Amino acid sequence: MANKEIPYKIYLEESELPSSWYNMRADMKNKPAPLLNPGTGQPMTAPELEGVFCSELVKQELDNDNAQIAIPQEILDFYKMYRPSPLVRAYFLEKQLDTPAKIYYKFEGNNTSGSHKLNSAIAQAYYAKKQGLKGVTTETGAGQWGTALSMACAFFGLDCKVYMVKVSYEQKPFRREVMRTYGASVTPSPSETTDVGKKILEAHPGTTGSLGCAISEAVEVAVKSEGYRYVLGSVLNQVLLHQSVIGLETKTALDKYGVHPDIIIGCAGGGSNLGGLIAPFMGQKLRGEADYRIIAVEPASCPSFTRGRFAYDFCDTGKVCPLAKMYTLGCDFIPAPNHAGGLRYHGMSTTLSQLYADGYMEATSVKQTDVFQAAEQFARVEGILPAPESSHAIRVAIDEALKCKETGEEKTIVFGLTGTGYFDMVAYERFHNNEMSDYVPTDEELAESFKSLPQIS
Ligand SMILES: *Cc1c(COP(=O)(O)O)cnc(C)c1O
């Protein structure tokens, strides 16, 4: 098996799509810490969460025990429009790097939303529809999640209200129009349409917004509108669960050719693509069946894992959401305005945070000019124009492959290529014009931001 020639692209058959998502929490000895009610400091109960989220999704959010959760047929049918996604052997990149390493990437950009986010959007829209809801609200930063959710809502006939971080709303008008094409309404955040938006605007006039602000607004609207719930595109356990389809397909494809990865690399914003990509591999690791090096890559300008605190924090700037125990920079943290590489969220998935705290994975941070350099290098040899977010993983995959060149080790590297960068040309333009700078927050700035952490023992 191991000697079978590996094709450029390993495609799977439709019939090889997983029939269940895999829930890593079931195999974790230390479960992720529960979400807490900010008022009482007690774990959020299902009925409390059901005021904000769809009931079936609450069940998935709280499920620390069932390893396999069946994928409903309607979702599987939608997946078939763009999945299984290809696992590509980066032969051209290997050649250019002149490395003995073998590099693979799992490409999630082959759908109109241009990223992996559709994998969870379609699941969340399905459960909202099944519950008989009229619509959902959400926030979007760069716009990929809003786009994915708009597509999913259009498919199931749900209304979709998107609060889009103001700076992105202004910089990415085409993203906005894609969302409107799929029938979503898009509001720049912070806005005057919510109490929390008005409050934030009063405190910070002229703010360009943040994911944390937009989340607060979307939650407020969901709670106040009958027949609406809030949905989130990352961070939550349920999102990592849906994204496990990425890792399950990757593992099936590698197993077909007898390939055992040594290093698995993914970019980390809220942790959903990484959590999904590593899921079955981490499962083996947790059960003591196999070992892998797993590396989370984050921007040096928003370094939650590498410089954040592992503590309970608010998930949003308006402090209306439950508290989550995670690696966080403080809920008021907003990356420097010159940061163009995405992955801007102040916190991190509670599941990945626990795994990182327990030593099951590593994390590293990279500067955005190095990220765009890797993006360009990759685009020129492998053809695909990568999203800036994905390019964080490319950067570290290249660095690891170059280390192999020095040592002569033939390691197998797998990384997640989460999406395409067609809507990020303003950032690419800045890079090409040498107008892109690297801003790394100082310890003092982070210390200031940590002051907003709630005092919870
Ligand atoms: C949203 C996004 C990410 C980061 O989100 P995670 O939840 O950390 O996966 C990465 N890549 C792309 C293309 C995205 O759209």
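This is a predicted model: local features need pLDDT of at least 70, side-chain atom pairs count only at pLDDT 80 or more; totals for chains, interfaces and linings use all residues.

Residues are numbered from 1 along each chain as its sequence is written, and side-chain values use heavy atoms, with hydrogens and water left out.

**Domains**

- The domain assignment of the protein chain gives domain 1 (10–15 + 83–114 + 243–450) and domain 2 (20–70 + 116–230), with bounds that come from an automatic or database domain assignment.
- The centres of domain 1 and domain 2, taken over C-alpha atoms, are separated by 22 Å, and 48 residues of domain 1 are in contact (heavy atoms within 4.5 Å) with 43 residues of domain 2.
- Between domain 1 and domain 2 an area of about 3700 Å² is buried, of which carbon and sulfur atoms give 63%; buried area is the accessible area (1.4 Å probe) that two parts lose on being put together, summed over both.
- Of the area that domain 1 buries against domain 2, Ser113, Gln243 and Phe423 supply 17%, more than any other three residues.

**The largest pocket**

- The largest pocket holds about 740 Å³ of space, where a pocket is, on a 1 Å grid over the protein atoms alone, an open set of points where a 1.4 Å probe fits, with protein on both sides within 12 Å along at least five of seven lines; the volume is the space filled by probe spheres set on the points, which are joined across faces, edges and corners.
- Its lining has 46 residues, and Gly141, Ala142, Gly342, Leu343 and Glu389 lie nearest the centre; lining residues have an atom within 4 Å of a point.
- The lining of the largest pocket draws at least three residues from each of domain 1 and domain 2.

- Leucine 274 lies in helix α12 (residues 272–286), helices being DSSP runs of H or I with at least four residues and strands runs of E with at least two, numbered from the N terminus.
- Not counting residues up to four places away in sequence, serine 234 touches Val239, Gly270, Gly271 and Ser272.
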